[in-house]
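This briefing is for a reader who has not seen this structure before.

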Amino acid sequence: MADHFTRFPLHEGVNLYVQPTRKFKTTTVYIYFHMPLEPVTVTYNALLPMVLARASADFPTTAALSRHLDELYGASFSVDVTRRGEVQSIVFRLEVAGDHHIPGERGLLLRGLDVLASVITRPLLVGDGFRPDYVEQERNNLRQMIEGLINDKRRYAMVRCTAEMCAGEPFALHRLGRVEDLEGATPQSLLAHHRRVLTEAPVDIFILGDVDPEQVAQEVPRRLPIPAGERRFPDTLVKRRPDGPVRAVVDRMDVNQGVVVIGFRTGITLRDELYFPMLVANGVLGGFSHSKLFQEVREKHSLAYFAYSAIETVKGVGYMYAGVEFADAEKCRAIMLEQLKALQEGALTEAELEMTKATLVNDMLSAADSPGAMAELAVDQVFSGRDLSIDERVTRYRQVTREQVVEAARHFTPDTVYLLTRKEGGA
């Protein structure tokens with residue numbers, strides 16, 4: 001399966017990865033600027049791409065930028081901010097039609113790179129800062145996004161459990177940042193941060209499409225001039241607080257349904273040999289509808305509206321979570337921990353193992369049909385230093401043994417039990 005990215009170092013800390021393929025009708029560019037998770041700057045990192053995406057020196061209004069993208073046969077452009085472990089990444093994405101699908105057209109990718117260069121390196125400035133009304137509007141938008149986290153109670157419970165479990169660690173910070181930092185994000189301070197990102201953040205550029213890698217490698221530095229600077233990749237080492245009793249945290253709110261989240265430490269990351277067994281262990285525990293949590297908590301005992309588990313593979317933490325009636329929260333918690341203990345003691349049937357491996361293999365094969373999924377897998381490989389193709393990943397999953405799954409599960413150490421429940425005296 002042709003899913004390999006060829007790496008071209010552009011200069012210190014800036015790398016280009018190109019995957020030539022005719023599988024897609026478009027050519028997609030992803031640019032990641034990696035910054036450490038830190039108080040204050042975590043919010044600036046989230047706000048910055050939102051402001052940059054509004055306009056540039058070459059396209060001085062949002063409408064002008066939008067019109068130019070339309071002229072590129074409806075090119076799509078978006079920004080995001082992600083978190084892997086204790087690294088926050090500012091992401092720029094551009095998708096343009098492949099030249100071979102537009103008769104007589106050439107150079108759409110190059111014109112798209114010009115747009116990205118304009119947005120990223122030539123921002124619209126007013127005086128000594130960004131355009132003030134754009135900054136104010138995007139501050140309000142980001143504030144609403146952060147405050148809106150509470151509207152999705154399942155997601156909110158996961159955020160709160162993370163904040164409690166990792167208190168004092170950078171991972172406790174949410175990728176969108178903190179409301180209290182927004183007032184300090186002025187047009188001037190945000191521009192200063194922009195300059196820091198351009199010169200300090202390691203950069204990974206991924207391009208997928210019907211392209212010539214060598215030609216792209218020659219054009220990208222010319223079209224997208226990212227300045228040289230001191231670029232040190234943020235620390236991604238696993239950090240663990242000292243072992244101690246499992247912490248219990250309760251939040252009471254006006255809610256119609258309770259949420260139980262059990263945060264656990266794995267100490268296993270995508271750099272480790274137990275990485276693939278860990279993913280299979282998570283799948284057996286609660287990754288899918290055939291998993292132990294779903295079958296025991298939801299199907300057998302009818303205690304939960306949902307019951308799953310998830311793993312964060314850079315930080316080395318995981319979660320079991322379920323939506324429950326208030327009166328059933330304690331029983332649900334106990335059964336969730338029982339299922340983890342059972343897996344750690346070897347309660348794993350051949351059917352559970354093979355079904356989980358087959359599902360993970362199918363998910364991996366499906367990733368090859370999505371440029372976004374391919375880029376995300378490639379970023380994982382940057383973090384891990386392991387260059388594995390889709391086929392190699394599939395083989396790794398198929399080779400996982402029952403004993404390896406049990407060994408990986410034994411690393412799942414419960415740390416914090418979080419409960420979101422109704423207020424005292426609620427009906």
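The model is a predicted one. One of its sheets is open and is built from 5 strands in the order 9-13-10-12-11, with mixed pairing. Strand 12, residues 317–324, is mostly covered, with 8 of its 8 residues buried.

**The open sheet**

- Strand 9 (247–253) and strand 11 stand at the edges of the sheet; each has a single partner strand, so one side of each is left without a neighbour there.
- On average, neighbouring strands of this sheet are turned by 15° against each other, direction ignored.

- Strand 10 (residues 258–265) pairs with strand 12 in the antiparallel sense, over 8 bridges. In this pairing, G258 stands opposite V324 of strand 12.
- Strand 11 (residues 304–312) is also joined to strand 12 by 8 bridges, and the two run antiparallel.
- Opposite Y319 in strand 12 stands A310, and opposite G318 stands I311.
- The hairpin of strand 11 and strand 12 has 4 residues between the strands, and G316 takes a positive phi near 85° in it.

**Helices against the sheet**

- Helix 8 packs on the sheet and touches strand 11 and strand 12; its direction makes about 170° with that of strand 11.
- Helix 10 (residues 329–344) lies across strand 10, strand 12 and strand 13 (413–422), and runs at about 140° to strand 12.

**Strand 5 and its partners**

- Strand 5 (residues 87–97) has 9 of its 11 residues buried, so it is largely enclosed by the rest of the structure.
- Strand 3 (residues 26–36) pairs with strand 5 in the antiparallel sense, over 11 bridges. Within strand 5, I90 is the bridge partner of F33.
- Strand 4 and strand 5 run antiparallel and are joined by 9 bridges. S76 stands opposite E95 of strand 5.
- Between strand 4 and strand 5 the hairpin has 2 residues, and G85 takes a positive phi near 55° in this hairpin.

**The largest pocket**

- The largest pocket holds about 1000 Å³ of space.
- It is lined by 38 residues, of which R83, A310, I311, E312 and T313 are the closest to its centre.
- Several elements each supply at least two residues of the lining, among them strand 4 (76–84), strand 11 and helix 8 (275–287).
- Other helices that each supply at least two lining residues are helix 5 (153–165), helix 11 (350–367), helix 12 (371–384) and helix 13 (390–399).
- By class, the lining is made up of 22 nonpolar, 7 polar and 9 charged residues.

**A loop residue**

- E273 is found in the loop between strand 10 and helix 8.
- The relative accessible area of E273 is 63%, which is over the 50% cut-off, so E273 counts as exposed.
- E273 and Q404 are 131 residues apart in sequence, and their C-alpha atoms are 9.9 Å apart in space.

Definitions and conventions: Residues numbered from 1 in each chain as written. Predicted model: local features only at pLDDT ≥ 70, side-chain atom pairs only at ≥ 80, totals over all residues. Heavy atoms only, no water. Buried < 20%, exposed > 50% of the residue type's maximum accessible area, 1.4 Å probe, protein only. Pairing = 2+ DSSP bridges. 1 Å grid on protein atoms, 1.4 Å probe; cavity = no way out; pocket = protein on both sides within 12 Å on 5 of 7 lines; lining within 4 Å. Points joined across faces, edges and corners; volume = space filled by probe spheres on them. Nonpolar A, V, L, I, M, F, W, Y, C, P; charged D, E, K, R; others polar. Axes fitted to C-alpha atoms, helices over the stretch in contact; angles between N-to-C directions. Contact = heavy atoms within 4.5 Å.
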